[in-house]
Amino acid sequence: MKQILIIEDDINIAELEKEYLQLNGYKVEIIQDGTEGLKKALMGTYNLIIVDLMLPGKDGYEIVRDVREKYEIPIIIVSARSEDIDKIKGLGFGADDYLTKPFSPAELVARIKSHMLRYERLSGNKPQFNIISHKALEIRTDSHKVFVNGKEVILTTKEYELMIFLASNPNIVFTKDQLFDRIWGEDYYGDTATVAVHIQKLRKKIEKDPGNPEYIETLWGTGYRFNS
């Protein structure tokens, strides 16, 4: 049985989430404190984490950042904060999705299923080749590891999917809509803004000068292209 950790200080919301998730066959644990929630999350026993942003102890941003440094499991932020800056910041720290309160429990379950399926599909795929190399960049598809100048860089699940798709199709221009459909799919409830966020995060990790990217080029008004 898949296990989900909910880090949420509003017990009514947490219990509502738990009830719907249990009805869908998940084992769920609730932690109401950010510091304790992070300790639990770092144990590595969960398949997905749902986290609020405003928590006692450590806030949700810290939790997302610290968990992402160690694990690639899906992380979903559920928060009352609805400003774009909060969503961009949450995704920037490594969250896979952002849901604003109040929300539909059925939508939350659908997003969870989608992210788990994608994570399992990515983790379970057999590579058709072992290494993709472009200049100083090396992607080892058998281990899902990425290296720049021989030094490993840690990517989230979505960053890795985006990276390997672009690198596998060099010199081809893809629009935001095309990348969104290919990486996130029709069952994702976000929008194409997440593509730009993930491109920015990737550049910070793989480019020598993110402001003048060598690998992932922006073609203004068109989309993005990976230069081989």
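Tutor: Y61 counts as buried, at 6% relative accessibility (buried is under 20% relative accessible area, exposed over 50%, partly exposed in between, with a 1.4 Å probe and protein chains only). This is a predicted model, where local features need pLDDT of at least 70, side-chain atom pairs count only at pLDDT 80 or more, and totals for chains, interfaces and linings use all residues. Residues are numbered from 1 along each chain as its sequence is written, and side-chain values use heavy atoms, with hydrogens and water left out.

Now the partner of Y61. The whole structure holds 4 aromatic pairs (rings of Phe, Tyr and Trp, the last by its six-membered ring, pair if their centres lie within 6.5 Å; planes under 30 degrees apart are stacked, over 60 edge-to-face, the rest tilted). One of them joins Y61 and F93: the ring centres are 5.8 Å apart and the planes meet at 40 degrees, so this pair is tilted. Y61 sits in helix α3 (residues 60–68), while F93 sits in the loop between α4 (84–92) and β5 (97–100), so the pair ties together parts that are 32 residues apart in sequence. Helices (H or I, at least four residues) and strands (E, at least two) are DSSP runs, numbered from the N terminus. Y61 is buried, but F93 is partly exposed, with a relative accessible area of 28%.

Another aromatic pair is F165 with F174: it is tilted, 4.8 Å centre to centre, with 55 degrees between the planes. Here both F165 and F174 are buried.

Back to Y61, which also has a charge over its face. K89 lies there, 4.2 Å from the ring centre (a charge sits over a ring if NZ of Lys or CZ of Arg is within 6 Å of the ring centre and within 35 degrees of the ring normal). R140 lies over the face of F147 in turn, at 4.1 Å from the ring centre.

Next, the backbone. The peptide bond from K101 to P102 is cis, with omega near -5 degrees. P102 is placed in the loop between β5 and α5 (105–124). K135 has a positive phi, near 55 degrees, and is not a glycine. The loop between β6 (131–134) and β7 (137–140) holds K135, which is exposed at 54% relative accessibility. N171, also not a glycine, has a positive phi of about 65 degrees. N171 belongs to the loop between α6 (157–168) and β10 (173–174), and is partly exposed at 46%.

Last, a helix pair. Two packed helices are described by the angle and the distance between their axes. For α7 (residues 176–183) and α8 (residues 193–206), the axes come within 9 Å and cross at roughly 85 degrees (axes are lines fitted to C-alpha atoms, for helices over the stretch in contact, and angles run from 0 to 180 degrees between N-to-C directions). That makes α7 roughly perpendicular to α8 (65 to 115 degrees; under 35 is roughly parallel, over 145 roughly antiparallel, the rest oblique). K176, L179 and F180 of α7 make the contact with T194, V195 and A196 of α8 (heavy atoms within 4.5 Å). These residues divide into 4 nonpolar, 1 polar and 1 charged (Ala, Val, Leu, Ile, Met, Phe, Trp, Tyr, Cys and Pro are nonpolar; Asp, Glu, Lys and Arg charged; the others, Gly among them, polar).
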